[in-house]
Amino acid sequence: MKALFSMQNWFLENVGNIDLETIKNWFLFNPKQPLLFNSALFLGFFLIFYVIYILSRKTHYFRITYVVLFSLFFYYKSSGVYFWILIFSSVVDYSLSRLIYVESKQFYRKFYLILSLVINLGMLAYFKYTNFFIANYNSLFDGTMTFEDIVLPVGISFYTFQTLSYTIDVYRRELEPTKSFMDFLFFVSFFPQLVAGPIVRASDFIPQIYEKLKLTKEDFNRALFLIIGGLLKKAVISDYISSNFVDRVFDAPNSYTAFENLMASYGYAIQIYCDFSGYSDIAIGLALLMGFWLPDNFRTPYQSASITEFWRRWHISLSSWLRDYLYISMGGNRKGKIRTYFNLFMTMLLGGLWHGASWKFVVWGVLHGLALVVEKFFGQFIKLPKNSLVRTIQVVLTFHFVVFCWLFFRAKDFTTAFQIADNITKLTFDFNQWQTIILGYKNVFLLIAIGVVWHFIPVKMLAGMQKTFSTLPLVAKAVLLGLIYWVVYATASADAQPFIYFQF
Amino acid sequence: MNTSKYFFQTLVVVIVSVLSFLAFKTILPKKIFTESKLNSKSVVVDSLLLEAIAEEVGPAVEDSMANTVIDYKGVNGVRFPAETFEEYTGNQYLATFFEKLFQLETKKIGNVRIAYFGDSMTDGDLIVKDFRTYFQEKFGGQGVGFVNITSESATSRSSIIHEFSENWKTQSYLKVKQPLHPFGVNGHVFYANDTANVAWVKYKANKTRFATVLPRPTLFYGSSSNKEGKINYVIGTDTISKKISPNSLLNALVLSESNLKSIKVDFKQADSIPIYGFNFDDGKGVHVDNFSNRGNSGLPIGSFDVATMRAFQSKLNYDLIILQYGANVLNYGSLNYSWYEKRMAKVVAHLKECFPGVAILIISTADKATKYDLEMKTDSAVVPLNTAQKRYAIKSESSFVNMFTLMGGDGSMIQWVEQEPAKANKDYTHFNHRGAKEAANLIFIQLNKGYELYKKLRKKQKKSAVPIKKDSLFFNTDSVHEK
């Protein structure tokens, strides 16, 4: 009896008081608390989900339907009733693709394709860009159109691109449609990559649905390694430096010194990389544990020696999607040099707009697009010597260009972006000042430094680390994972860095 | 090969990881990345506040005021209704200020001046800029008022473009106890002591409403034995050189009678002359001076020199002094604010001695959120500090704006930060431009409500009693604008 009591006490202390209301909240939509991979709630759900998942691994229909239902629940948790939109687009795309597949007359095939594009892009445009359009209309024509009260369904930009790849691949006769609607819905709604990518190609994913479910030793170890790294990147480095430093400087850049402005810009580069790649890594790891392979999304992009290379290493699933379905559809490099440059530029402009309905994303895309065009143009005439010094200079220059472009991506408006850029130009070398600031934000700077060092760890060394991890006994791996949860938890409960005003 | 094996191993890993997490949670600390105190002379802190905290002695006996009813004696026959502690505004104590507004509004007589003291919340003219605009919109007036020579927040100030040379020597009441000369009303004193290079300051009007020009730039400086000092500046194509005559405790030198777009002033041979700053106002309507200092707790005001302040008062003629502090007192570690209450009551008493008859308004701390476990909540110090501020407002017969309740009370800072578009910064302490404008509006609305009530009470009183004695105060033109 006593043991039971102390057990109950322990439970209360460590898990918290659980009442009906709490349990209800676990299952209900809350726009402020999407089901993030780095939350305890997700861990709990995944544990229960996974038991039934592996027990049903030999079935097809049951398992597929089961995962679809869980994915829809997962989507409902972050988007509420909008999970109907996910189902609606899936019905439309599945049906039109079937028609495209069975139809032999080119005219009708094209018609179905265009219909699918219009519906998908139309929905994306409505949910994401209506108010952007209204704002621009109003400022151009002194209009007084009122804004629509539209909530952007989470992940719509991601799954729209996924379903488009399916329809276009079927149209291009590069892919056979799925055998059933449920299989298709499984592809669209697969929860590990549903809300933040990687954007999975139908041709990569759908064949896996019909294979026997398997999880090899290598994949198992890789998955755990990715999840551990992803948690550290996303929930420790990114979350901590953003709320304790970067956000504050971007909120009011003029209240900070030139050095703080510069460090916040670097900090944001590390933050967005850790946030995004960390989340992708967790998604890839989770999918692996479920027996599915998802494409790599990031390959240490800040090691790039050019913007062209950067886009082969940054958000790879998006850049390759844009290349295959937008750039190539516009004609790619098959219509002469001028058209190639134009296509490249437009692809990046639209790619920028995909990130958000605002001119600042367009400018971000345009800057990258111009850089790609300039590199392509001068690449014909200038051949740089290939040695480590030249490469280092290129990496440093590329990184700084990327950081500059991020200012527009992150700042709330153009004024703020230019303020930061302007403040940085006032930087003077002052070792004492820098030291004081670094000491003032020592945790932030420590994490930024870890982020940078991690980024430049050679591939061989990473492979070595993963190999060492693989040789650990099972329980050690699990305890290590548990320790990482604690680091995530203790970071999340860390006190906010107190406000510091420096005066020099 | 049995590839199913690893599915079950995964399950084991997940379960063991959760269990080991719970174990780690019990044995390891709850937080990482704790902060150690940063000791650096470059960090802006209020030295008087640090002293006050260090001297703080035991818990004071609380005489609860919660059930107190605040009853007023009338001023010139205008008597505001009694108020409860809960809803205290102390409008009664603004009666002289309201009367000046009334004369200004109805008879276009006189002008009204407000000194707005604050901390980083009003840094860069946030809140005050909009507060000034609301008043100037209703009562007239042009210009941003008094501006320092150097300012830590000059770059973030949008209501005026303010630049200065690096070689000014600055003494601030936040850090210096015994200044070379008394502090000005802005809590600072500046010296152009660099003999090798010219010290200069430049002001340029920005596109802010009612501040698109610099009306009647006037330099304020103190007394010194150095009679050689002069200033050079350019108006149009003329270079003008003027002598600084530091003969009195406080001197004012008008640089131009007309409105300028911008002005750059060079100080020559002016070392050891205490320079206070420039004033820009057109002498009509309402003017609001922003005296903000990052890190200020309000306590340094207690170090003002009475004679110097009276000299400022005779030139600038303030009608209302606003004190908006609190953000820097919130996180010192205890919820007992009786020490702060006592010391601020003394500060207010001192201000009343410096500026006899001037109404005083205390604006409370705004809401501030802190992380408790994993959740942001209103900092537990906000309500105790807020109560302490209200108590010293009542005890010192000052009026009171409860910024915390006006912005929505418990949890409101979280909303201000998280709503789209955001009204406050991610530090869960400071407003951004949008929030500052709303805060200024909330303050203005409360003052305006009090003013409207004053007008009604005044009318009623007029019908029933003798006309108001024409207090000389109401028709005082300040000496800066004497013609």
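This is a predicted model: local features need pLDDT of at least 70, side-chain atom pairs count only at pLDDT 80 or more; totals for chains, interfaces and linings use all residues.
Helix α10 of chain A, which spans residues 202-209, has buried residues at A:A202, A:F205, A:I206 and A:I209.

**Helix α10 of chain A**
- When α10(A) is viewed down its axis, its buried residues fall within an arc of 95°, and therefore they line one face of the helix.

**Residues 6-28 of chain B**
- An unreviewed UniProt entry places the feature "transmembrane region" at residues 6-28 of chain B.
- In the model, the chain over residues 6-28 of chain B is 96% helix and 0% strand, with the end C-alpha atoms 30 Å apart.

**The sheet of chain B**
- In chain B, 5 strands form an open sheet with antiparallel pairing, and their order across the sheet is β5-β8-β15-β11-β12.
- The edge strands of this sheet are β5 (160-164) and β12 (238-243) of chain B, each of which pairs on one side only.
- From one strand of the sheet to the next, the twist averages 20°.
- Within the sheet, strand β8 (residues 199-205) of chain B runs antiparallel to strand β15 (residues 262-268) of chain B, and 6 bridges join the two.

Terms used. Residues are numbered from 1 along each chain as its sequence is written. Chains are lettered from A and ligands numbered from 1 in the order in which they are written. A residue is buried if 20 or more other C-beta atoms lie within 10 Å of its own, exposed if 12 or fewer, and partly exposed in between; C-beta atoms are placed from the backbone. Helices (H or I, at least four residues) and strands (E, at least two) are DSSP runs, numbered from the N terminus. The arc is that of the directions from the helix axis to the C-beta atoms. UniProt positions are given in the numbering used here, feature names are shortened, and annotations may be inferred rather than shown by experiment. Two strands pair if DSSP finds at least two bridges between them. Axes are lines fitted to C-alpha atoms, for helices over the stretch in contact, and angles run from 0 to 180 degrees between N-to-C directions.
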